[in-house]
Amino acid sequence: MARSGVRYEDVQRAVDALLAKGEAPSVHKVREVLGTGSFTTISEHLREWRTRREENRDLPPPRGMPEALQELAESLWEKAQASANEALAHYRQEAEGRVEAAKEKADEALRRAEDAEQRESALAAHLSRTEQRLAEQSGELARRETERDVLAEREAKLTARQTRLEAQLASLQQEHERQAQRQQQALSEQASSHQERLAREEKRHESSEARLMGLLDEARQERQAADKQQAQRLGQLEARLERAQQLVQQARAALTDEEKRHRETEWARHQAEERTRTLLHEQALMQARIDEQKQLLEEQVRRLRDLEAQLHRCLWQAPVLARPHEEVPENDEGPSGAGPSGAG
C-alpha cells in the first residue's frame with residue numbers, strides 16, 4: 001500500500017514535466033523531479049498513471065470548442081500520444097531488459113541454489129559415509145581391544161601354566177635325581193653285599209659266579225642304558241621347554257606390537273592364534289612326555305625290583321642246584337639271614 005508522503009497528483013505532475021521535456025518517465029527520474037518519496041510508492045503511482053493513460057488512449061478530445069482550438073488540441077493530443085507511445089516503448093524495452101536481466105539473475109541464483117543443494121547433498125552423503133566409517137572403525141577398534149584383552153588373558157594363562165610346568169619339571173628332575181641317588185646307593189649296597197656274600201661263599205658258589213657276574217653286568221648295563229635314555233629324554237624335554245619359552249616370548253612380542261599399533265591386520269591375529277595353538281600343542285606334548293617319563297621311571301623301579309628279586313633267587317637257588325648233596329652249614333646268619341641286606 002502506497003504511503004501518504006507522495007500522492008498520485010505529485011507523481012502525475014512530475015510525469016507531465018518529464019513529458020514536456022521530451023523524457024520518458026521512470027521511477028528514478030520521477031524521484032529526481034520530486035526530490036523525495038520511496039521507490040515503491042513512486043512505482044505504484046507510476047503504474048496507476050500508465051493504467052489510466054492506457055484507458056484514456058483512444059478517447060477523442062472534448063467537443064464544443066472552437067475549430068482552431070480543437071485542431072490544436074487534437075494535434076497536441078496526437079503529439080502527446082506519440083511521445084507517450086515512444087516513451088512507453090522505451091520504458092517497455094528498458095523494463096523488458098531489466099526483466100531479462102532479472103530472469104538471468106534468477107536463473108543464475110537458481111543454478112547456484114541447485115549447485116549449493118548438490119554440494120550440500122554431496123557433503124551430507126560424505127558426512128554420512130564418514131560417520132559410518134567412523135562407526136565401523138570404532139567398532140573395529142573395540143573388537144581389536146577385546147581381542148587384545150583376550151590375547152592378554154591367554155598369555156597370562158599360558159604364562160601361569162608354563163610356570164606350573166616348569167615347577168613340575170623341576171620337581172620331576174629333583175625326584176629323578178633322588179631316585180637315581182637311591183638307585184645308586186641301593187646298587188652300591190647290593191654290590192657291597194654281593195661282594196661280601198661272594199667272598200664268604202666263593203668256594204660254594206664257584207659254579208654260579210660267572211652267572212652272577214653276568215647278571216650284575218646286565219643290571220649295570222640296563223641301569224646305564226636307562227640313565228642314558230633318561231638323560232636324553234630330559235634333554236629333549238629341556239629343549240622343548242626352551243622352544244616353548246621362545247614361543248611365549250614371541251607371543252609377548254606380538255602382543256606388545258598389537259598394543260602399539262592397535263590396527264594389526266587379520267593375518268597377524270590368525271598368526272597369534274596359530275602360535276597360541278602351537279604353544280598349547282607343545283605344552284600338551286610336553287605334558288605327555290612328562291607323563292611318559294614318569295611311567296618310564298616307574299618301569300625302571302619295577303625292573304630294578306625284579307632284578308633284585310631275580311638276583312636273590314639266583315643267589316639262593318644256584319648253590320642248591322649245583323651241589324645237591326652238599327649240606328649247607330648253618331652259620332650265624334642262617335639261611336634266612338644270608339639274603340641281601342637291601343632286599344625289600
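H2 and H3 are roughly perpendicular to each other, because their axes pack at an angle of about 110 degrees. Angles of 65 to 115 degrees count as roughly perpendicular, those under 35 as roughly parallel, those over 145 as roughly antiparallel and the rest as oblique. The model is predicted: local features need pLDDT of at least 70 and side-chain atom pairs count only at pLDDT 80 or more, while totals for chains, interfaces and linings use all residues. Residues are numbered from 1 along each chain as its sequence is written, and side-chain values use heavy atoms, with hydrogens and water left out.

**The chain as a whole**

The secondary structure of the chain comprises seven helices and zero strands. Helices (H or I, at least four residues) and strands (E, at least two) are DSSP runs numbered from the N terminus. Read from that end, the elements follow the order α-α-α-α-α-α-α. Of the 344 residues in the chain, 27% are buried; buried means under 20% relative accessible area, exposed over 50% and partly exposed in between, with a 1.4 Å probe and protein chains only. When contacts between residues at least 6 apart in sequence are considered, 78% of them join residues at least 24 apart. A contact means heavy atoms within 4.5 Å.

Two packed helices are described by the angle between their axes and the distance between the axes. Axes are lines fitted to C-alpha atoms, for helices over the stretch in contact, and angles run from 0 to 180 degrees between N-to-C directions.

| Helix pair | Axis angle | Axis distance |
|---|---|---|
| H1 and H2 | roughly 105 degrees | within 9 Å |
| H1 and H3 | roughly 70 degrees | within 9 Å |
| H2 and H3 | about 110 degrees | 10 Å |

In the contact of H2 with H3, Val-27, His-28, Val-30, Arg-31 and Leu-34 of H2 meet Phe-39, Ile-42, Ser-43 and Leu-46 of H3. By class, this contact of H2 with H3 has six nonpolar, two polar and one charged residues. In this classification, Ala, Val, Leu, Ile, Met, Phe, Trp, Tyr, Cys and Pro are nonpolar, Asp, Glu, Lys and Arg are charged, and the others, Gly among them, are polar.

H1 and H3 are likewise described as roughly perpendicular to each other. H1 brings Tyr-8, Val-11, Gln-12, Val-15 and Leu-19 to the contact, and H3 brings His-45, Leu-46, Glu-48, Trp-49 and Arg-52. Six nonpolar, two polar and two charged residues make up the contact of H1 with H3.

For H1 and H2, the relation is also roughly perpendicular. Here Asp-10, Val-11, Ala-14, Val-15 and Leu-18 of H1 meet Lys-29, Val-30, Val-33 and Leu-34 of H2. The contact of H1 with H2 has seven nonpolar, no polar and two charged residues.

**Nonpolar cores**

The largest nonpolar core has 11 residues in all: Val-6, Tyr-8, Val-11, Ala-14, Val-15, Leu-18, Val-27, Val-30, Ile-42, Leu-46 and Trp-49. H1 (8-20), H2 (27-34) and H3 (39-55) each supply at least two residues of this core. Its largest share, five residues, comes from H1. Apart from this core lies another, of seven residues, including Leu-165, Leu-169, Leu-241 and Met-286. A nonpolar core is a set of buried Ala, Val, Leu, Ile, Met, Phe, Trp, Tyr and Cys residues joined through side-chain atoms within 4.5 Å.

With neighbours within four places in sequence left aside, Val-6 is in contact with Val-11, Leu-34, Thr-36, Gly-37, Thr-41 and His-45.

Thr-276 lies in helix H6, which covers residues 266-322. Thr-276 counts as buried because its relative accessibility is 10%. Not counting residues up to four places away in sequence, Thr-276 touches Arg-154 and Leu-158.

Gln-293 also lies in helix H6 and is buried, with a relative accessible area of 5%. Beyond its neighbours within four places in sequence, Gln-293 is in contact with Gln-230 and Arg-233. The C-alpha atoms of Gln-293 and Leu-237 are 9.7 Å apart, although these residues are 56 places apart in sequence.

Glu-175 belongs to helix H4 (residues 67-200) and is partly exposed, with a relative accessible area of 27%. A distance of 9.9 Å separates the C-alpha atoms of Glu-175 and Leu-297, which are 122 residues apart along the chain.
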